[in-house]
Each structure stands twice: as structure tokens, then as C-alpha cells.
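Morning, everyone. Please look at the sequence and the model on the screen, and then I'll take you through the cavity, the aromatic rings and a sheet.

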Amino acid sequence: FRSQMALLSVCTRLGARLGCRALSSHAPGVTWNVDHAGIAQITFNNPTKFNALTEDVGEDFQRAVAALAADKTVRVVILTGAGKAFSAGGDLKFLEDRTKSPALENSETMRKFYARFLGIRALPVPTIAAINGPAVGAGLCLAAACDLRIAAHGARLGWTFATLGLHPGMAATHYTAQILGPQMAAKLLLTGELISGTEAERIGLVLEAVPDEQVVPRARALANSIAVASPVAVRSLIVSLRAKQDRGLAEALAREADSQAHSYASNDILEGIKAIRERRVPKF
């Protein structure tokens with residue numbers, strides 16, 4: 001997106017200050033490491049909350065991306081989640097807080113929220129989402145922003161925003177149609193349907209679906225096949241591929257942020273949040 005190169009510059013400078021040549025590091029919500037082959041792995045590390053994407057986790061994620069962007073030995077980055085989930089998306093408290101804030105403030109808050117996680121697009125190497133469990137809402141948005149995706153057969157994937165009373169955000173309306181085509185994207189976004197990893201493979205959302213315990217090993221095997229290729233060619237190819245994919249992204253993010261701000265001002269999201277807490281179907 002428009003600020004991608006500026007973000008990468010910031011990431012590089014920050015990464016140098018963080019001493020990113022270390023083979024592993026961690027923050028409260030995220031861990032990351034780099035192996036001898038130059039394959040890095042970022043792991044969301046809050047399994048008791050199903051690796052929900054909070055503002056604090058976003059800041060930890062930014063630090064990991066900055067460190068890896070500045071490390072010239074890195075050739076591929078794998079993204080996954082600890083425990084049984086990839087990421088269940090945003091947390092309810094964050095959503096509730098938005099319903100109490102002015103629309104203009106919410107629009108800016110959402111832009112910043114997107115930027116924390118979509119910084120993964122500034123990594124100068126291929127990214128692979130190893131979807132080991134549920135990837136829902138913003139969690140699936142982040143997986144869709146990766147260059148390649150592998151999912152567990154039993155994973156549940158869905159852009160569930162509309163069933164919560166919220167317009168999709170974090171590039172859902174941009175990348176979903178690119179990956180799936182306009183009609184399938186419209187179906188999944190409008191219905192909020194949850195699909196299995198097996199179905200995700202069938203429709204082309206993921207490269208392949210594998211047994212649950214094989215997700216990360218299969219992602220690492222794919223990463224290894226990329227890591228042995230010319231790093232100069234791979235890095236320049238990633239720039240070429242993303243240049244087309246990210247055309248129009250800045251406009252989509254601005255539209256999504258404004259639309260989500262509008263959603264936060266409605267009664268629908270209050271009903272959606274209440275329904276989740278009461279474990280029932282919302283009545284809009």
C-alpha cells in the first residue's frame with residue numbers, strides 16, 4: 001500500500017536498534033526466531049485468548065516484523081499461532097470501546113490498527129500463513145495478507161464481520177476478491193460463513209489443507225523450497241507480485257476504516273457483541 005516503502009524504512013531502522021540478528025526473541029504476545037536456513041517464524045502467543053489481535057499484540061507484532069525486515073539472513077517468514085488457534089480476530093473489549101468513541105476517532109483508530117498487522121506486507125521476503133486452527137475476522141484478514149497459506153483440515157476460517165454487525169476491515173474487501181474472485185468473496189463476506197480448511201483448499205483460499213499436526217511442518221517444507229532459490233531474485237519478485245496486488249489498497253483501507261466507524265455508531269454491533277456473550281444468534 002501507499003506507505004509500504006516508508007514503513008519498511010521505519011522497520012529497518014527500528015530492527016537495527018532492536019538487535020535483530022539474534023536467532024530468537026519474544027514479547028508478551030508474539031515470539032519469533034530464525035533458523036540456520038534463514039527461515040523465520042512469528043508465532044502469536046496468547047493461546048488462552050485464541051491469539052486475539054489486540055493493540056498490544058499489534059505493537060509486539062510490529063517489533064517482530066521490524067526485526068526480521070532488517071535481518072538480511074532472513075529468506076522466508078512463517079506466521080502461525082500457539083495452541084489450537086491461528087487467531088480468533090479482534091477482542092470484544094476493543095470492539096466495545098469503539099462503540100463509546102466518536103466516529104472520527106474510530107476511523108483513525110482502525111487505520112492504525114490495520115497498519116500494525118498489515119506491516120507484514122513490508123517484509124521484503126515471502127510470507128506463509130500456517131493456519132493451525134481457527135482464523136476468524138481480522139485473523140483471517142492477516143492470513144489473506146500473506147503471500148501463501150496452508151491450513152489444517154479441521155481449521156475454521158471466516159470473515160464473520162457482518163454477522164457481528166460490523167463492516168469488514170483490515171483489507172478484507174481488497175484481498176478476498178483478489179484471491180477468490182468477486183462472487184465467492186461476496187458470498188463469504190456477506191454471509192460470514194465459516195468454512196473448513198478442506199473447503200478453503202477447494203475454493204483456492206489456501207494452497208493446501210493438511211492434517212492438523214502437519215501444518216507447520218508443511219509450511220516449513222514449502223519455506224525450505226523457497227529458501228534455496230536466489231535471494232536476490234526472490235526479494236525482487238516479491239516486490240513485483242505485491243506491486244499489482246496492493247494497487248488500490250490505501251483507498252480500500254480508508255473506506256473500510258470509515259465504514260467500520262459508521263458500524264460502531266449503530267445498534268447492530270451492540271446486538272452482535274451481546275449475542276456473542278450470550279452464545280446465541282443475533283437478532284438485527
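Terms first. A cavity, on a 1 Å grid over the protein atoms alone, is a set of points where a 1.4 Å probe fits but cannot get out. Grid points are joined across faces, edges and corners, and a volume is the space filled by probe spheres set on the points.

Ground rules. This is a predicted model, where local features need pLDDT of at least 70, side-chain atom pairs count only at pLDDT 80 or more, and totals for chains, interfaces and linings use all residues. Numbering runs from 1 along each chain as its sequence is written, and side-chain values use heavy atoms, with hydrogens and water left out.

So, the cavity. The search covers the whole structure and finds one cavity of 30 Å³ or more. The largest cavity holds about 50 Å³ of space. Lining residues have an atom within 4 Å of a point. Among them are Val74, Val125, Ile226 and Val234. Which helix gives the most to this lining? It is α11, with three residues. Helices α10 (215–227) and α11 (231–245) each supply at least two; helices here are DSSP runs of H or I, at least four residues, and strands are runs of E, at least two, numbered from the N terminus. By class, the lining has eight nonpolar, one polar and two charged residues. Nonpolar means Ala, Val, Leu, Ile, Met, Phe, Trp, Tyr, Cys and Pro; charged means Asp, Glu, Lys and Arg; the others, Gly among them, are polar.

Next, the rings. There are five aromatic pairs in the structure. Rings of Phe, Tyr and Trp (its six-membered ring) pair if their centres lie within 6.5 Å; planes under 30 degrees apart are stacked, over 60 edge-to-face, the rest tilted. Phe44 and Phe86 pair edge-to-face, 6.5 Å centre to centre, with 90 degrees between the planes. Phe44 is in strand β3 and Phe86 in the loop between β4 and α3, so the pair ties together parts 42 residues apart in sequence. Phe44 is buried at 1% relative accessibility. Phe86 is buried too, at 0%. Buried means under 20% relative accessible area, with a 1.4 Å probe and protein chains only. Ring pairs link Phe44, Phe61, Phe86, Phe94, Phe113 and Phe117 into a cluster.

Last, the sheet. It is open, with three strands in the order β6-β8-β9 and mixed pairing. Strands pair if DSSP finds at least two bridges between them. β8 and β9 run antiparallel, joined by two bridges. Arg156 stands opposite Ser196 in β9.

Conventions:
1 Å grid on protein atoms, 1.4 Å probe; cavity = no way out; pocket = protein on both sides within 12 Å on 5 of 7 lines; lining within 4 Å. Buried < 20%, exposed > 50% of the residue type's maximum accessible area, 1.4 Å probe, protein only.
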